[in-house]
Amino acid sequence: MFSKFKFFRKKPKVYTKIENHIFGIITELLKVSSTDINVDELGGKYYLSNEEQHFKVTILSNDYVIRLTNTRDSVAEKYDKVFVEDVLKAVKEEKHRRMELVYDSITNSIEKMAERLHNTLIESNEQESQAVRRLETADIENKKTNLN
């Protein structure tokens with residue numbers, strides 16, 4: 001019964017040796033936090049840049065071209081659509097992950113700032129309440145001394 005459905009199984013992605021190598025380079029670059037990711041979605045251009053390693057990658061999604069550049073060489077090749085889409089998926093996932101980290105960091109900072117402000121307001125209100133109580137007590141004492 002299961003042999004009928006083997007036909008419908010998705011074949012595993014098979015990349016050429018060069019594509020595997022390039023995919024490996026790009027994923028390793030994405031793992032390094034010093035790699036900058038810049039995106040021009042309208043132009044379909046994606047840029048990875050690591051100044052420490054003097055390495056840049058440009059992905060032109062509309063033309064399925066990937067350019068690798070280091071200090072000595074620059075190579076641009078057109079690749080299979082599926083391969084370029086898989087590379088772009090990895091780049092977009094890492095960009096999204098980094099944006100979530102930034103978002104979480106900003107959210108935490110805002111929450112801490114709001115908590116400090118809240119605590120400051122509570123302290124300020126308590127000080128004002130104590131001052132009002134002192135004034136009321138002083139007024140009551142003044143009235144008692146004036147009556148005597």
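User: What does the accessible surface of the chain come to?
Analyst: In this predicted model, the accessible surface of the chain comes to about 12100 Å², and carbon and sulfur atoms hold 55% of that area.

User: And what share of the residues is buried?
Analyst: Of the 148 residues in the chain, 21% count as buried.

User: Switching to the fold, in what order do the elements run?
Analyst: Starting from the N terminus, the order is α-β-β-β-β-β-α, which is to say 2 helices and 5 strands.

User: How are the strands arranged in the sheet?
Analyst: The 5 strands make an open sheet, ordered β1-β2-β3-β4-β5, with antiparallel pairing. Because β1 (36–40) and β5 (74–78) each have a single partner strand, they stand at the edges, and one side of each is left without a neighbour in the sheet. From one strand to the next, the twist averages 10°.

User: How many bridges for β2 and β3?
Analyst: Strand β2 (residues 45–50) pairs with strand β3 (residues 55–60) over 6 bridges, again in the antiparallel sense, and Y46 has I59 in β3 as its bridge partner.

User: Where does helix α1 lie?
Analyst: Helix α1 (residues 17–31) lies across β1, β2, β3 and β4 (65–69), and its direction is at about 115° to β3.

Note on methods. Residues are numbered from 1 along each chain as its sequence is written. This is a predicted model: local features need pLDDT of at least 70, side-chain atom pairs count only at pLDDT 80 or more; totals for chains, interfaces and linings use all residues. Side-chain values use heavy atoms; hydrogens and water are left out. Two strands pair if DSSP finds at least two bridges between them. Helices (H or I, at least four residues) and strands (E, at least two) are DSSP runs, numbered from the N terminus. Axes are lines fitted to C-alpha atoms, for helices over the stretch in contact, and angles run from 0 to 180 degrees between N-to-C directions. Contact means heavy atoms within 4.5 Å. Buried means under 20% relative accessible area, exposed over 50%, partly exposed in between (1.4 Å probe, protein chains only). Accessible areas come from the Shrake-Rupley method with a 1.4 Å probe; for residues, only the protein chains shown count as cover.
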